[in-house]
Amino acid sequence: VPWLLAWLAAQALGPSPDAFHLALPFERDWPVVQVTQFGYLSTYLFVPLTPLLIRTRRDLRHFAVSGLLATIVVTLIWFTVPVVASNRTFEPADFWGRMLATEQAHSNGVAAFPAFHVLWSLFAMQGWIANARVSGRAAWRWIGIGWTVLNVISCVTTAQHTVIEVLAAGA
């Protein structure tokens with residue numbers, strides 16, 4: 001909820017007059033892989049599901065505190081570093097393309113640096129790995145890692161984020 005409120009506030013303020021794009025020259029011509037919108041949208045299910053799977057108070061606290069601290073730090077970045085997303089153009093070809101177009105239409109390009117989809121994915125992955133450790137079931141680890149890799153790739157292939165935005169989130 002704090003992240004959502006911060007994102008909505010950034011959207012309400014809109015892009016700064018001195019906003020700039022972070023797309024590297026070589027990624028400007030990359031195709032938009034519309035079907036990978038599935039991975040991008042799955043963040044909205046995977047992340048809220050994570051606290052339900054975490055088995056210890058310590059791991060749940062780590063997930064919550066990480067998310068809260070990241071929300072504070074990233075919100076400060078959103079309001080001080082005038083980056084605006086540079087979505088690549090595409091023609092929606094299928095259901096996933098229409099979903100991607102809809103998502104892009106509901107954003108004015110702000111609040112993209114660093115990529116919060118990547119941050120939340122990394123926090124969720126830690127929760128899934130913790131679940132594997134506590135339960136003794138390695139499958140949880142691989143589901144968490146696999147989903148995170150899918151999500152990070154989808155951030156770039158859907159043109160929702162640039163390589164720099166993704167790397168900044170990882171850092």
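Me: How do the axes of α3 and α6 lie relative to each other?
Reply: In this predicted model, the axes of α3 (residues 43-53) and α6 (residues 116-135) come within 9 Å. They cross at roughly 35°. The crossing is left-handed.

Me: Which residues in α3 and α6 meet?
Reply: From α3, they are T43, Y44, F46, V47, L49, T50 and L53. From α6, they are H117, W120, S121, A124, G127, W128 and N131. Contact here requires heavy atoms within 4.5 Å.

Me: Why is I54 called buried?
Reply: Its relative accessible area is 10%. The cut-off for buried is under 20%. The value is under the cut-off, so I54 is buried. I54 sits in the loop between α3 and α4 (57-80).

Me: What is I54 in contact with, leaving aside its neighbours within four places in sequence?
Reply: The partners are D59, L60, F63 and G127. There is also a C-alpha pair to note: I54 and N131 are 77 residues apart along the chain, yet their C-alpha atoms are separated by 5.5 Å.

Me: What makes D59 and R58 a salt bridge?
Reply: The N to O distance between their side chains is 3.2 Å. A salt bridge needs a side-chain nitrogen of Lys or Arg within 4 Å of a carboxyl oxygen of Asp or Glu. R58 supplies the nitrogen and D59 the oxygen, at a distance that passes, so the pair qualifies. As a general point, side chains of opposite charge can pair when their charged atoms come close.

Me: What makes R133 and D59 a salt bridge?
Reply: Their closest N and O atoms are 2.7 Å apart. The limit is 4 Å, so this pair also counts. The pair links distant parts of the chain: R133 is in α6, D59 is in α4, and they are 74 residues apart.

Me: How do you know that R58, D59 and R133 form one network?
Reply: The salt bridges share partners. D59 pairs with R58, and D59 also pairs with R133. That joins R58, D59 and R133. The structure holds 2 salt bridges.

Me: Are these residues buried or exposed, starting with D59?
Reply: D59 has a relative accessible area of 9%, under 20%, so D59 is buried. R58 has 57%, over 50%, so R58 is exposed.

Me: How do you know that the buried residues of α8 are on the same side?
Reply: The buried residues of α8 (residues 163-170) are V163, E165, V166 and A169. They cover an arc of only 165° around the axis, which puts them on the same side of α8. They pack against α6 and α7 (138-157).

Me: At what angle do α6 and α8 pack?
Reply: The angle is about 35°, with the axes 8 Å apart. α6 passes α8 in a right-handed crossing. V118, L119 and L122 in α6 meet V166, A169 and G170 in α8. By class, the contact has 5 nonpolar residues, 1 polar and no charged.

Me: What is phi of A159 near?
Reply: Phi of A159 is near 65°, a positive value in a residue other than glycine. A159 lies in the loop between α7 and α8. Its relative accessibility is 3%, so A159 counts as buried against the 20% cut-off.

Me: What kind of peptide bond joins F113 and P114?
Reply: The bond is cis, with omega about -10°. Most peptide bonds are trans. P114 is found in the loop between α5 and α6.

Key. Residues are numbered from 1 along each chain as its sequence is written. This is a predicted model: local features need pLDDT of at least 70, side-chain atom pairs count only at pLDDT 80 or more; totals for chains, interfaces and linings use all residues. Side-chain values use heavy atoms; hydrogens and water are left out. Axes are lines fitted to C-alpha atoms, for helices over the stretch in contact, and angles run from 0 to 180 degrees between N-to-C directions. Helices (H or I, at least four residues) and strands (E, at least two) are DSSP runs, numbered from the N terminus. A crossing is left-handed if the near helix is turned anticlockwise from the far one by less than a right angle, and right-handed if clockwise. Buried means under 20% relative accessible area, exposed over 50%, partly exposed in between (1.4 Å probe, protein chains only). The arc is that of the directions from the helix axis to the C-beta atoms. Ala, Val, Leu, Ile, Met, Phe, Trp, Tyr, Cys and Pro count as nonpolar, Asp, Glu, Lys and Arg as charged, and the others, Gly among them, as polar.
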